Amino acid sequence: MEPVWADVRSGYQTPAHQPDARLQAVALGLALEPSPGRPVSPALDEMFVKINGETHYLWRAVDQEGEVLESYVTKTRDKKAALKFMRKALKNHGPVEAIATDGLPSYKAAMSELGNKDRQEIGRWISNRVENSHLPIRRRERVKQRFRRM
């Protein structure tokens, strides 16, 4: 069965293999469904979070649209924690084309142990989508700090 892009407003459906239909769906702002079985290309990142006054690390995997696929909280930011997070994410979301990360050495060590070292992408702006997904959490933390300083 071939995928079909549907215009919910008019009920009109066009085959997905036609390039004009895909452009029309994007122009109308319709949500395009990913192809089934297509590997995800996640971006991984970690951030510092205070929980009950203690510093923890929130590890997150984000897909191409910026949706959070997986999250994991640890007290350490080392190879063991990165490996556990990657195993959890790969187990739940299957094979990947490439994994975008920042330059943290823990990612390199964990990916070499998993055998995904050749799929790691490190670049200056590659992990922007995961960095932007941290913003709502940082905003909430900032608001909570204001109440303490009154």
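In this predicted model, the largest cavity is lined by 12 residues, and P42, A61, A89, L90 and V96 are those that lie nearest its centre. The space in this cavity amounts to about 100 Å³. A search of the whole structure finds 2 cavities of 30 Å³ or more. Helix α2, spanning residues 79-93, gives the most to the lining of the largest cavity, with 4 residues.

The nonpolar packing comes next. In soluble globular proteins, nonpolar side chains tend to be buried together. Here, the largest nonpolar core has 16 residues, and those with the most contacts inside it are L44, W59, F85, M86, I99, Y107 and A110. At least two residues of this core come from each of β4, α2 and α3 (105-114). Helix α2 gives the most to the core, with 5 residues.

L44 shows this packing in detail. Leaving aside residues up to four places away in sequence, L44 touches F85, M86, I99 and Y107, among others. Its contacts also include R60, A61, A100, T101, D102 and V130. A61 is also one of the residues that lie nearest the centre of the largest cavity.

A backbone feature remains to be described. N52 has a positive phi of about 55°, although it is not a glycine. N52 is placed in the loop between β3 (43-51) and β4 (54-62). Is N52 buried or exposed? With a relative accessible area of 77%, N52 is exposed, since that value is over 50%.

Key. Residues are numbered from 1 along each chain as its sequence is written. This is a predicted model: local features need pLDDT of at least 70, side-chain atom pairs count only at pLDDT 80 or more; totals for chains, interfaces and linings use all residues. Side-chain values use heavy atoms; hydrogens and water are left out. Buried means under 20% relative accessible area, exposed over 50%, partly exposed in between (1.4 Å probe, protein chains only). On a 1 Å grid over the protein atoms alone, a cavity is a set of points where a 1.4 Å probe fits but cannot get out, and a pocket is an open set with protein on both sides within 12 Å along at least five of seven lines; lining residues have an atom within 4 Å of a point. Grid points are joined across faces, edges and corners, and a volume is the space filled by probe spheres set on the points. A nonpolar core is a set of buried Ala, Val, Leu, Ile, Met, Phe, Trp, Tyr and Cys residues joined through side-chain atoms within 4.5 Å. Contact means heavy atoms within 4.5 Å.
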